[in-house]
Protein chains: 2
Amino acid sequence: MFRKISYAASCALAVGIKNKFDTPQSVLLQENSLSKLNLQRCLPKVSAGGTECQLYVGDRIKRAVGFPQLTACCKPLRYKDFIISYDTKNRIPNWVYEHLQYYKFYKDDPCDRRINVCPYNEDSAALGNEKPKFHPDCRIHGYHRADVRDYCDTEYELGLMADPANYPFDAEACAETQVMTNVVPIVPGFSCGPWFDLQCYIREKLVRENKSVYVCSGPLFLPSDNDGKVQMKFDVLGEGEVSVPSHFFKVIIIETHDGNLELESYMMPNAKPEEGEEVKLDDYLTPLCQIEHASGLIFFPEKKVCFTSNNKRRGARLHAL
Amino acid sequence: MFRKISYAASCALAVGIKNKFDTPQSVLLQENSLSKLNLQRCLPKVSAGGTECQLYVGDRIKRAVGFPQLTACCKPLRYKDFIISYDTKNRIPNWVYEHLQYYKFYKDDPCDRRINVCPYNEDSAALGNEKPKFHPDCRIHGYHRADVRDYCDTEYELGLMADPANYPFDAEACAETQVMTNVVPIVPGFSCGPWFDLQCYIREKLVRENKSVYVCSGPLFLPSDNDGKVQMKFDVLGEGEVSVPSHFFKVIIIETHDGNLELESYMMPNAKPEEGEEVKLDDYLTPLCQIEHASGLIFFPEKKVCFTSNNKRRGARLHAL
C-alpha cells in the first residue's frame with residue numbers, strides 16, 4: 001500500500017513542481033515537438049516510475065503489451081510471383097499485386113524449350129497434369145483463415161485474384177495461386193464475363209505491346225440504397241465468416257518501352273454477365289479516386305503525382321521512370 | 001521493335017539455359033529459401049533487364065509503383081495521450097489504445113495544484129470552459145475521412161473511443177479525443193448504458209487499485225442470421241460513407257503492483273440499454289478469441305502466451321513483467 005501511494009505521490013509531485021516552473025521548457029516543447037515525439041510532461045530523475053513517465057504513450061503500450069495487429073495488412077505476404085495484402089476481417093485479400101513480363105508468356109526464340117505446365121491450360125490438362133489443390137496459408141492465424149469448406153453449400157464459387165493463366169511456364173507460381181489468401185467468393189459466371197475479357201486484354205494486348213505490366217486486383221464493398229437508407233449488405237460464408245464483395249477492381253500500370261508508366265483502372269460488379277450482351281471493357285473504366293474511396297486504399301502513396309485523367313484510357317502518365 | 005524482341009529473347013534464353021543446368025542450385029534454393037527471400041530463377045549477368053530479373057517481384061513492384069496503403073492501419077496515429085489505428089474502409093478506428101495511470105486521475109498530495117480542466121466535467125463546464133470542437137485529422141486522406149456532417153440527419157450520435165473523462169487535468173489530451181479518427185457512430189443512449197459503467201469501473205476500481213491500466217477500445221461488425229442466410233448488414237452514413245458497427249469491445253490489461261499483467265475483455269452491442277435493467281458488467285465479459293475472430297485483430301502478436309482463462313475475470317495472467 002505504501003509503495004502505491006509513494007509512487008503516485010512522487011509522480012503527482014513531479015507534475016506539481018513542473019507546473020510552477022515550466023514556462024521556458026514548455027515553450028521549447030511547443031516549438032520542437034509538433035510532429036515529433038510528444039514528450040510526457042514529467043521531470044527527469046523522478047525516482048519511482050521515472051523512466052516510464054518519460055516514454056511516449058505509444059512506446060509504453062508497445063513495450064508492455066504490443067500493438068494489436070491486422071496480420072499481412074501493411075506488410076504483404078510474399079509468394080513466388082505475386083504478393084498479397086490480406087484482410088483479416090473479411091478473410092479475403094485487400095489486394096493482390098502481379099508484375100507481368102513479356103518473356104514469361106511468349107517465346108520468340110526457337111531455342112526456348114519451356115513447355116506450358118499450367119494445369120489450367122487445356123494442352124497441359126490433356127497431358128494429365130493434375131490441378132493444384134486449394135491450400136491454406138499458415139502465416140495467417142486460424143481465427144482469420146478462410147477454408148474451402150466455408151464455400152460448401154453456398155451459391156458462390158472460389159474466385160482467384162492472381163490468375164494462374166499468368167504463369168504458363170511456372171508450375172510453382174501457378175500452384176501458388178490456389179492459396180486461400182488469393183481466393184474471393186464470386187457469383188458463378190462472373191469469371192467468364194467481362195472479368196475474363198479484362199484478363200485476356202491484359203495478357204494479349206498490354207503485356208504483348210509493352211515492356212511490362214503491373215496489375216493490382218482486389219474486392220470492393222459498395223453500399224446500396226435500401227428504402228432511402230444507405231446500407232452495406234453482403235453475405236458471409238461458413239464458420240470462417242468469409243465476406244462476399246459486391247464488386248472487384250483492377251488497377252493496371254503499364255510500363256511502356258519508352259520508359260513511361262500509364263494507368264488504367266476498372267471496376268466490375270460481382271455478378272453473372274447477361275447472356276448475349278456484348279462486353280465493352282471501356283464501360284468498366286472507373287476513376288482511380290472512386291476505387292480508392294471504396295477500398296480504403298491509396299494506390300500510390302509514395303508518388304507525388306496528380307491523377308487528372310485517370311479514367312481516360314492510357315491517358316494518365318504516372319511519371320517518367 | 002527490335003529493342004522489345006531482343007529484351008524478351010535474352011530473358012527467355014536466360015531461362016532456357018537455366019532450365020538445363022539448374023539442378024545443384026535449385027536444390028540449394030529449396031533448402032535455403034523456404035521462409036526467406038524467394039529468388040527469381042534468372043541467371044546473373046543477363047545483359048537486358050538483368051538487374052530487374054534478379055529482384056523479387058515484391059521489390060520490383062515497390063520500387064516501380066509502391067504498395068497500396070491502408071493509411072494508419074499498422075502504424076498507429078500518435079496523439080498526446082493515446083494512439084489510434086484507423087480503418088480507412090469504414091472511416092472509424094480499428095482500435096484506440098490508452099494507458100491510464102493513477103497519478104493522472106487522483107491527487108494524494110495537498111501540494112498538487114492541478115485543477116480539472118476537462119470541459120466535460122460538470123465543475124469545469126460551470127466555470128465556462130468551452131467544449132472542444134470535433135476536428136478532422138489531416139494525416140488521413142480526404143477520401144477516407146469522416147466528417148461531422150456525415151452524422152447530420154441520421155439516427156446516430158458521435159461516440160468517442162478514447163474517453164475525455166480519462167484526461168481530467170490535461171486540456172490538450174482532452175480536446176484531442178474530439179478528433180474524428182476517435183469517433184464512431186453510436187445508437188443514442190449507448191454511452192449511458194453498460195459502456196458508461198465499464199468506463200467508470202476502469203477508472204474508479206482498476207486504475208485506483210493497480211499500478212496502471214492499458215485499455216484498447218474499438219468497434220466490431222458481427223453478422224446476423226437473415227432467413228437462414230448469414231449476412232452482414234449495417235448502415236452507412238453520409239457522403240463519407242461512415243460504417244455503423246454492431247458491437248464494441250474493450251480489451252483491458254491491468255498492470256498490478258506486484259508487476260503482473262492481467263486481462264479482462266468485454267463486448268457490448270451498439271444498442272440502447274433497456275430501461276430499469278440492472279447492469280451486470282460480468283454479463284458482457286467475452287473471450288478474447290471471440291473478439292479477435294470478429295475484429296480481424298491479434299491483440300498480443302509478440303507475446304507467446306496461452307490464453308486459457310481469458311473470460312474469467314482477473315484470471316488470466318498474461319506474463320510476468
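Start by selecting strands 2 and 3 (residues 92-101) of chain B: they pair in the antiparallel sense over six bridges. Pairing here takes at least two DSSP bridges between two strands; helices (H or I, at least four residues) and strands (E, at least two) are DSSP runs, numbered from the N terminus. You're looking at a predicted model, where local features need pLDDT of at least 70, side-chain atom pairs count only at pLDDT 80 or more, and totals for chains, interfaces and linings use all residues. Residues are numbered from 1 along each chain as its sequence is written, chains are lettered from A and ligands numbered from 1 in the order written, and side-chain values use heavy atoms, without hydrogens or water.

Next, click B:Asp87: across from it in strand 3 of chain B stands B:Ile92. The hairpin of strands 2 and 3 of chain B has four residues between the strands, and B:Arg91 takes a positive phi near 60 degrees there.

Now color strand 2 (residues 82-87) of chain B by accessibility: six of its six residues are buried (under 20% relative accessible area; exposed is over 50%, partly exposed in between; 1.4 Å probe, protein chains only). B:Phe82, B:Ile84 and B:Tyr86 point one way, B:Ile83, B:Ser85 and B:Asp87 the other.

For B:Cys192, the nearest cysteine sulfur, that of B:Cys200, is 11 Å away. B:Cys192 counts as exposed, at 61% relative accessibility.

Methods. Disulfide = S-S within 2.5 Å.
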